[in-house]
Structures are given as structure tokens and as C-alpha cells.
Amino acid sequence: MRHIVTFALFLHVVGAQTSSFNLSSLTQLVADCGTGWGCYSEECDSGSKTSCSYVAMYRGSSDSFEFVLSSKGYAYAALGFSSDRRMGGDEVLACVKLSTGSVMADHYFNPGGHTESRKSSSNKLSLIGSFNENGQIGCRFTRPRQTSDADYLDLTQSYYQMYPYGPVAGDRIAVHSKEEPSTSTKGISIVTDRATIAGAASVAPTMLMMMAAFSMALLL
């Protein structure tokens with residue numbers, strides 16, 4: 001059974017759906033998981049590595065980080081980076097399907113506590129391509145390796161990864177489709193780690209309570 005809990009973030013649109021990346025491209029990329037890419041997935045159809053509720057892929061280069069996010073049956077898939085697996089000071093990247101059907105690569109930041117969500121001062125993501133096919137969405141994009149913008153963490157360091165996905169309300173991420181969104185069980189380096197992550201743990205209860213309280217504050 002899937003449960004829903006809210007997870008408030010802030011949105012920064014970086015690009016519209018393009019034809020340079022599609023479901024077939026995703027299938028080809030996933031074949032390189034564990035060697036060329038670090039990967040994580042959840043709730044995949046039997047025998048499939050791409051027909052999943054959630055897929056995240058990442059790799060680093062000398063000047064940028066590259067990401068792939070995909071979800072089947074949901075309107076967004078996000079990848080968050082946390083120093084402690086608790087809400088606050090987290091950078092989140094997302095692939096989001098808008099009400100028009102277009103798929104966007106978005107940037108978020110979680111200030112934590114009960115403060116209002118804060119929009120990034122600049123867009124530093126570059127969309128390579130996105131798709132919306134057969135009930136599945138996907139985005140492929142890059143992010144600079146180094147930036148002085150406070151909304152962007154130093155991803156050359158290791159962070160716990162968070163794996164939320166779910167529906168969109170009014171073109172805004174509003175809920176998780178899992179009561180306890182999964183996180184990695186250890187800090188992961190995008191620079192050096194290329195493993196296929198075999199398992200992830202649930203978010204700590206204190207984080208869930210902060211998520212719910214923060215989201216309720218935004219809705220009032």
C-alpha cells in the first residue's frame with residue numbers, strides 16, 4: 001500500500017520537454033548502471049530496469065554533474081542531497097510533468113523549519129532532454145560542479161541521497177507517494193561512486209513531522 005505525506009520544496013523551472021532524450025535513450029543509459037553511472041530505482045516491473053515508479057542516475061565530470069530522473073505513473077521524480085537525512089539545508093533536483101503535459105527539469109531548496117520556501121536566485125541547470133511517453137516521464141540534465149550560489153551545495157562532497165516521487169498539484173510538487181520517502185543509508189559521492197544502490201532506508205520520523213508541519217504552514 002502506498003501512503004502520502006507532503007514534502008514542501010521550492011520550484012525553479014529550467015527547460016521544457018525536448019526530443020533529444022526519450023524512453024529508448026533511458027533504456028540504453030540504464031544498461032551502464034554500476035560502471036558509468038551511479039543508480040537507484042524503486043518499484044520496477046518484473047524484469048525491467050526502466051519501467052519503475054522511480055529511477056535516479058548520476059555521474060560526475062571535470063566541470064559538471066549529469067543526472068537522469070524518471071518516474072512511471074507519477075508526475076515527478078526528485079533527487080535530494082542532505083548532510084544528515086533531516087529536512088533543512090537540502091538541495092533537490094526534480095523532473096516534473098506540468099499540467100500542459102510538458103516535462104521540466106526543476107531546482108529546489110529546502111530551508112527547513114517553518115520558514116517559507118525560497119526561490120533560487122539563478123538557474124544553473126542545463127536540460128539535455130526530457131520525455132513524456134506511455135505514462136512515464138524522464139529528464140536528463142547537467143548541473144555545474146562548482147558554484148558560489150548558496151542554494152547549491154558542494155556536491156564534490158558526500159551527501160545522503162533522498163528519493164521522493166509523487167503527484168503534482170497546480171504544477172507544484174505537493175506530496176510524496178510514500179509515507180516514508182527512501183534515503184541512502186550512507187553518504188554518497190557523485191564524484192567517485194558508480195554503484196547501483198541496492199537498498200535504501202526510510203526517512204527518520206522527526207524528518208517526516210517537519211515535512212508535514214512545513215507543508216501545512218505553506219498551505220495556510
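Modeller: Let's start with the link of Cys-33 and Cys-39, which is left-handed, with -90° about the S-S bond. Such a link is a disulfide (a pair of cysteine sulfur atoms within 2.5 Å), and here the two sulfur atoms lie 2.0 Å apart. Before going on, please keep in mind that this is a predicted model, where local features need pLDDT of at least 70 and side-chain atom pairs count only at pLDDT 80 or more, while totals for chains, interfaces and linings use all residues. Residues are numbered from 1 along each chain as its sequence is written, and side-chain values use heavy atoms, with hydrogens and water left out.

Cys-33 has a relative accessible area of 22%, so it is partly exposed. Cys-39 reaches 4%, so it counts as buried.

The structure holds 3 disulfides, and another one joins Cys-44 to Cys-52, again with sulfur atoms 2.0 Å apart. This link is right-handed, with 100° about the S-S bond. Cys-44 has 31% relative accessibility and therefore counts as partly exposed.

Next, look at Cys-95 and Cys-139, whose disulfide has an S to S distance of 2.1 Å. The torsion about their S-S bond is about 75°, so this link is right-handed. The pair links distant parts of the chain: Cys-95 sits in strand S6 (residues 90–97) and Cys-139 in strand S9 (residues 136–144), 44 residues apart. Strands (E, at least two residues) and helices (H or I, at least four) are DSSP runs, numbered from the N terminus. Both Cys-95 and Cys-139 are buried. If you number the bonded cysteines in sequence order, the pairing reads 1-2, 3-4, 5-6.

A salt bridge means a side-chain nitrogen of Lys or Arg within 4 Å of a carboxyl oxygen of Asp or Glu, and a search of the whole structure finds 4 of them. One of them pairs Arg-143 with Glu-91, the closest N and O atoms being 2.9 Å apart. Arg-143 belongs to strand S9 and Glu-91 to strand S6, so this pair ties together parts that are 52 residues apart in sequence. Both residues, Arg-143 and Glu-91, are buried.

Arg-140 forms a salt bridge with Glu-66, and their closest N and O atoms are 2.4 Å apart. This pair, too, links distant parts of the chain, with Glu-66 in strand S4 and Arg-140 in strand S9, 74 residues apart. Glu-66 and Arg-140 are both buried. Salt bridges with shared partners join Arg-59, Glu-66 and Arg-140 into one network.

Strand S4 (residues 64–72) also holds Lys-72, which makes a salt bridge with Asp-45 at 3.1 Å between the closest N and O atoms. Asp-45 is in the loop between strand S2 (38–44) and strand S3 (52–60), so the pair ties together parts that are 27 residues apart in sequence. Lys-72 is at 32% relative accessibility, so it counts as partly exposed. Asp-45, at 37%, is therefore partly exposed as well.

Now back to strand S9 and its neighbour. Two strands pair if DSSP finds at least two bridges between them; strand S8 (residues 126–133) and S9 pair in the antiparallel sense over 7 bridges. S8 and S9 form a hairpin with 2 residues between them, and Asn-134 in the turn has a positive phi of about 50°.

Finally, step back to the whole chain. There are 2 helices and 16 strands, and 50% of the 220 residues count as buried. A contact means heavy atoms within 4.5 Å; among contacts between residues at least 6 apart in sequence, 66% join residues at least 24 apart.

Terms used: Buried < 20%, exposed > 50% of the residue type's maximum accessible area, 1.4 Å probe, protein only.
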